[in-house]
Amino acid sequence: MDSIKDYVQKNKERFLNELIDLLKIPSVSADSAYSQDVIDTANAVKESLEKAGCDFVEICDTPGYPIVYGEKIIDPNLPTVLVYGHYDVQPPDPLELWTSPPFEPVIKKTDLHPDGAIFARGACDDKGQMYMHVKALEYMVQTNNLPCNVKFMIEGEEEVGSASLSWFVERNQEKLKNDVILISDTGMISNTQPSITTGLRGLSYVEVEVTGPNRDLHSGLYGGAVANPINILAKMIASLHDENNHITIPGFYDKVEELSTEERAEMAKAPFSLEAYKKSLDLNDIYGEKGYTTNERNSIRPTLDVNGIWGGYTGEGAKTVIASKAFAKISMRLVPNQDWHDITELFTKHFKSIAPSGVTVKVKPHHGGQGYVTPIDSIGYQAAAKAYNESFGVQPIPVRSGGSIPIVALFEKELKSKTILMGFGLDSDAIHSPNEHFGVFNYLKGIETIPLFYKYFVELSK
């Protein structure tokens, strides 16, 4: 496939302009004010798949936002690759922290991206990475290099839990039948050291409410005589970790997978500078569970973090009040073998048990998902490794991600397929944050690398 580099260079400006047009549409799935924009984006994705060479493309209605399905079947006897991506994006807030408007994409050079990076909401997560697959298909069709069948399933609710995706997958198993699932919604170590994500953490997300008196009270008249829900909540949250930052919920670690010394040694081969890590975050020291390195803490170990906490008076000036209620949102990142339903139940039972008698506690589960590990001896992983090695000239390193993509476990359960996570983003791309961006190099390199996966997957499947 030597012609892929020439094809990408010849069409570079068009590839960039097409992505920029897609990024201009504010497809924020979390905010109903953008609902028409989300629909418009689905239609734009449909059109792009048709132009790229799919023989059949449709907009599939769901209980929520639609799923774009496309396929190019060249021979039913050949392997089939199912490409998953999402066209919805995170809200752009806080807008004042963006250096350019989030839905007015611009290409700017940075230290890490001397060739430029596209700054826009969704540039990396996931419009840019999803669109690499569309352009890779275009190349393979135009040059008669498509070695197998391909299907696309691009959804519009990934950023809000993918509820409609599970509904769709359960009802369309024959349509989605495949030999391997390919996703680009993760990252790699650097532009000179590619990596393949082999593990994802699961997730349990809950909201807690602590209620004390039946109304807000004067802190002078009632202070010290009644339980203050904010004080109580703070103490309860603090008690969820011990002095070694070990989570104290009984049974929480019962099914945690303990990696061998050899596996941890392999993980440690990934390039990592602790000083650079601290500097990038303006930290003078790191923090976490005792006995584990930074990269182990954020990938192979479970966590519990407060994502938001509120109650009482938070406006300007002073108001001496004991709040009636206090709230917090808490996420637990889980490792393989930890079932998110079980963990949610363990958390709920424990959190209610540690509340003093002066308050009542409610725990509201929001959403969650299972962790996932793909074996490095699978045909899919080996094909991806060969593709990266040929494209970058460097053998990729298998890594586990601290993030969660709950639908990956769903795919294995419902479609009986392994998922290969071929990400081309960088940790510094600021996904979910102001000034999200995606390197021009990364975008074009993805288009170059993906067709090689198809080539090697078919060769190894024989």
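Reply: What follows describes some of the salt bridges. This is a predicted model, in which local features need pLDDT of at least 70, side-chain atom pairs count only at pLDDT 80 or more, and totals for chains, interfaces and linings use all residues. Residues are numbered from 1 along each chain as its sequence is written, and side-chain values use heavy atoms, with hydrogens and water left out.

A salt bridge here is a side-chain nitrogen of Lys or Arg within 4 Å of a carboxyl oxygen of Asp or Glu. By this rule there are 23 salt bridges.

One of them joins R14 to E18, with 3.0 Å between the closest N and O atoms. The two sit 4 residues apart in helix α2 (residues 12-23), so about one helical turn separates them. Helices (H or I, at least four residues) and strands (E, at least two) are DSSP runs, numbered from the N terminus. R14 is partly exposed at 31% relative accessibility, and E18 is partly exposed at 22%. Buried means under 20% relative accessible area, exposed over 50%, and partly exposed in between (1.4 Å probe, protein chains only). R14 and E18 also belong to a network of salt bridges with K135 and E138.

Another salt bridge links E47 and K51, at 3.1 Å from N to O. Both residues lie in helix α3 (residues 35-52), 4 residues apart, about one turn of the helix. E47 is partly exposed at 41%, whereas K51 is exposed at 62%.

E207 and K329 form a salt bridge too, at 3.9 Å from N to O. E207 is in strand β9 (residues 202-211) and K329 in strand β13 (residues 325-334), so this pair ties together parts 122 residues apart in sequence. E207 is buried at 17%, while K329 is partly exposed at 28%.
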